[in-house]
Structure formats: structure tokens, C-alpha cells
Amino acid sequence: MIVGIASGVTETLLAAAAAAAPHECCGLLLGRPCHVAAVVPARNVAADPARSFEIDPATLLRVHREARGSGQQVVGHYHSHPNGVAEPSKRDAARAVVDGQLWVIIAGGTVTAWHLPPPSPQGEGRFRPLTLVAA
Ligand SMILES: [Zn+2]
């Protein structure tokens with residue numbers, strides 16, 4: 001599956017990850033299911049922000065409310081891995097639910113996208129990589 005990402009968004013995410021290090025940055029992705037048009041940064045309110053992320057619930061509520069009025073959808077969220085590992089961590093897998101949301105992870109100077117397909121006999125609860133293209 002291919003996901004488009006609007007011009008400038010990749011740079012914004014890389015800059016956010018660099019600014020937050022050694023903590024994880026996080027935020028929400030807006031657009032359509034196969035196209036990220038914009039991002040909204042959020043405070044990482046995790047107890048251990050160097051190894052985990054928790055999007056500020058106030059931002060979550062506000063962005064969902066604003067999106068309903070604007071015709072945009074909240075299509076997923078992003079966070080960074082300051083350790084440079086550009087794939088979902090065990091911690092990410094443990095909390096992931098099958099809800100169709102995109103997971104964008106910024107690590108090691110790259111931006112990667114993932115989704116969690118419905119459980120199947122082949123790969124229960126396994127993230128699948130998505131291809132991000134500038135669009
Ligand atoms: Zn993670």
C-alpha cells in the first residue's frame with residue numbers, strides 16, 4: 001500500500017524528531033486514509049518520554065473536534081525513536097489496536113509508515129510497512 005505525503009511534511013517531522021531528542025516527539029496526521037496532508041504536533045505526556053510516547057489527550061480531543069468541521073480526517077499519528085530504530089517497537093506493538101490508523105515513525109533521519117492489518121493466520125498483530133511517496 002502506498003501513502004502520499006504532502007510536500008514539506010517529511011521535513012517537518014524530521015525537524016520535530018531532532019528538536020525533541022533525546023525524548024520521543026509525537027503528534028497527529030491529518031488528511032485522507034492514503035494521503036497525509038498535514039501534521040499537528042502534540043506534547044508527549046508519557047511518564048518515560050525518552051522511551052515511549054503518549055499524545056496529550058487535550059490535543060487529541062481538540063484536533064478530532066476541529067477535523068470534523070474542516071472536512072479533514074485524523075488518519076493516524078506519528079512519533080520518533082531517538083534510538084534510531086526505524087520500525088515499531090515491542091512497546092508500540094503491545095499497545096496497537098486494529099483501527100485503520102497510520103503509524104508514522106521518525107528514526108535515524110528517515111520517516112517510515114506502518115499499519116496494522118486485521119489479524120490473519122499468517123501474521124497476528126504484526127505491523128506492515130507502507131510506502132511513503134511525496135504527493
Ligand atoms: Zn515507538
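**Close-up views of a predicted model**

View 1. Leu28 stands opposite His77 in β4. This is a predicted model, in which local features need pLDDT of at least 70, side-chain atom pairs count only at pLDDT 80 or more, and totals for chains, interfaces and linings use all residues. Residues are numbered from 1 along each chain as its sequence is written. Strands (E, at least two residues) and helices (H or I, at least four) are DSSP runs, numbered from the N terminus. Two strands pair if DSSP finds at least two bridges between them. The antiparallel strands β2 and β4 are joined by six bridges. Between β2 and β3, also antiparallel, there are seven bridges, and a hairpin connects β2 to β3 through two residues. Leu29 has Val39 as its bridge partner in β3. Six of the seven residues of β2 are buried, so this strand is largely enclosed by the rest of the structure. A residue is buried if 20 or more other C-beta atoms lie within 10 Å of its own, exposed if 12 or fewer, and partly exposed in between, with C-beta atoms placed from the backbone.

**View 2. The largest nonpolar core.** A nonpolar core is a set of buried Ala, Val, Leu, Ile, Met, Phe, Trp, Tyr and Cys residues joined through C-beta atoms within 7 Å. The largest one has 27 residues, and those touching the most other members are Leu13, Leu28, Leu29, Val39, Tyr78, Leu102 and Val104. At least two residues come from each of several elements, among them α1 (9-20), β2 (26-32) and β5 (102-107). β5 supplies five residues, the largest share. Beyond its neighbours within four places in sequence, Leu29 is in contact with residues including Val36, Val75, Gly76 and Leu102; contact requires C-beta atoms, placed from the backbone, within 7 Å.

View 3. Val9, Leu13, Ala17 and Ala20 are the buried residues of α1. They lie on the same side of α1, because they cover an arc of only 75 degrees around the axis. The arc is that of the directions from the helix axis to the C-beta atoms. These buried residues pack against β1, β3, β4, β5 and β6. Glu11, Ala15 and Ala19, on the other side of α1, are exposed.

**View 4. Asp92 in helix α3.** Asp92 belongs to α3 (residues 90-95). Asp92 counts as partly exposed because it has 18 C-beta neighbours inside 10 Å. Its C-alpha atom is 9.2 Å from that of Phe53, 39 residues apart along the chain.

Notes: Two residues are in contact if their C-beta atoms, placed from the backbone, lie within 7 Å.
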